[in-house]
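The following report describes selected features of a protein structure, taking up surface charge, strand pairing and salt bridges in turn.

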Amino acid sequence: MYMTNTYYLGNLPNDINLQVSIGAQGEIYTEADNEPPGGGSKEIADSSANTNGTLPLSSIGKSNTLNGCKIEIGSIIDLSDLPPSVWSAVFDNLSASYIFSGGTHGDVVFGCDDDDKRKSQDGSIITISKTIQLTT
Amino acid sequence: MKLSMIISLVCLSICGYSQNKDTTTISDLQVPNSPGFQLLDASPSNIERPTSPKQFALTILNATGSGSAIPKNFAMEFSPYWFTKHTSDNIHQYLSVGGEYYFSGIWRRLSVSITSVYNDSTSGSLLKNTNYISAGLRTNVFTYRTKTDNEIIERLITEKIARLKAVYKEEGIGADPDDDLADLKKDTAYQAVADSIKQMLQTPAIQLDVAAAYSEAFADNNYAASRFNRAAAWATLTIAPSILSSAKGGNLAILGVARIMDDNALTDTVKNVFTQTTCFDWGVSLNYTFHNMSVSAEHLDRKYNGNSALNSQRTVLVIQYKVSNSLYVTGTYGKNFGNVQNLFALLGLNFGFGSSSIATSK
């Protein structure tokens, strides 16, 4: 039985990979940070090379070094270049996929839950915040 | 000097005259944002905007009393493209930015507007105790930007992403996106980039928009007593050839419009006779803006099907001079619609309340 929003690493020195894609239109910036159990935070990937918030498949570290870490993935979506009449629809139909692979858990796709996404009062800014707990 | 010039112009405006009451202009014939509302001259204050097929179905069920009645005083507008998730699309496709995205796609920009207007007293062309239902579609057929404009917009979007990253780095993503919005509004570099993108997006080199709408009238809100009311189709072609605009700030824009409207109007109130009339309007305008001066020439042609005696044209030259941000002097001269007393000469002042009346340079 797996816990929600938890990825199981195993103890082998495998590469753990992360890939993120955001299903929304607008200018999107995504960043993934690793928060080790001892405190602190370190950026492991960002999407500044593209405009759609995608994090291409890349290694975030060896599985035997990531136990207890939390991976925080945040996206900020700017809709101001789309017509205001569609902002609500973009928020309601927003999708995101956070794909972890390389651990004993296999390839796992975490989605965007309703409480992961928020929007500003005028609807022009959407933020998504997803936290995945890594454990052996 | 400036004041005396203005006073002279006001005096001249008294001498000018316009005998014809039809004041249709090029802008009146442009593709409307909500053709379904425009067809009935409706300005609904409460517009339903469903964002999913489920919400759409619920809105229709509510408006029709679960399918048992014709909707009454109801307005809805939606873009079906946004009803579904689009994981592989990006903003470049939607905005037609980048060489490979000339056609943003009719489906992507499709907007549907539906309205019902019911009054117990006659108002304008809408008769009392009659439910008018109208549905309209509007979309963009294509948007073409020059290679240079595409490169500038791409660079600006990249800069905007860099500003989003900077704000994210400084502030992180807060629990409240309004805090993130406030951070972005405080960032002057972000604001400058955002304003530049908006300005660039407003002036593609070539853009074609089309719309169509259809309406039926239901006397006493009775389905059996329905009759055709009005139908119309619009097309607007905008050309802003940057190659013809001067490097010193001059800007040339060409606008072509066409509208065909079929109207079934009450012509005999005693015998309750409705007569169907088809009217075709087309027009072209050339506008050149240079610093504080704007010169435009406008020609409109109106043809009535089956009654050529009513055919008519309007050709005017409009010169506007911006005295200050809130004061414009406008001179208009030409031939208005109608075949008699159709000289159109007007000089006047616009104090800049409401929308600006002078085109802005790119």
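## An acidic surface patch

Asp176(B) counts as partly exposed, because its relative accessibility is 32% (buried means under 20% relative accessible area, exposed over 50%, and partly exposed in between, with a 1.4 Å probe and protein chains only). Asp176(B) lies in the loop between α6 (147–171) and α7 (177–186) of chain B, where helices (H or I, at least four residues) and strands (E, at least two) are DSSP runs numbered from the N terminus. Together with Glu170(B), Glu171(B) and Asp179(B), Asp176(B) belongs to a patch of negative charge on the surface (patch residues have over 30% relative accessible area and no salt bridge, like charges being joined within 9 Å and nonpolar side chains (Val, Leu, Ile, Met, Phe, Trp, Tyr) within 5 Å).

## Basis of the description

This is a predicted model, in which local features need pLDDT of at least 70 and side-chain atom pairs count only at pLDDT 80 or more, while totals for chains, interfaces and linings use all residues. Residues are numbered from 1 along each chain as its sequence is written, chains are lettered from A and ligands numbered from 1 in the order in which they are written, and side-chain values use heavy atoms, with hydrogens and water left out.

## Antiparallel strands in chain B

Strands β7 (residues 273–290) and β8 (residues 293–304) of chain B run antiparallel and are joined by 12 bridges (two strands pair if DSSP finds at least two bridges between them). The two strands form a hairpin with two residues between them, and His291(B) in the turn has a positive phi of about 50°; Phe290(B) has Met293(B) in β8(B) as its bridge partner.

On β8(B), pairing also extends to strand β9 (residues 312–324) of chain B, in the antiparallel sense and over 10 bridges, with Val295(B) standing opposite Ile319(B) in β9(B).

## Salt bridges between and within chains

Over all chains, the structure holds 21 salt bridges (a side-chain nitrogen of Lys or Arg within 4 Å of a carboxyl oxygen of Asp or Glu). In one of them, Lys160(B) pairs with Glu27(A), with the closest N and O atoms 3.2 Å apart; Lys160(B) lies in helix α6 of chain B and Glu27(A) in strand β3 (residues 27–35) of chain A, so the pair joins two chains. Both Lys160(B) and Glu27(A) are buried.

Asp41(B) forms a salt bridge with Arg230(B), the closest N and O atoms being 3.9 Å apart. This pair links distant parts of the chain, 189 residues apart; Asp41(B) counts as exposed at 58% relative accessibility, whereas Arg230(B) is buried at 11%.

Notes
Accessible areas come from the Shrake-Rupley method with a 1.4 Å probe; for residues, only the protein chains shown count as cover. Lys and Arg count as positive and Asp and Glu as negative; His and the chain ends are not counted. The place of a charge is taken as NZ of Lys, CZ of Arg, CG of Asp or CD of Glu.
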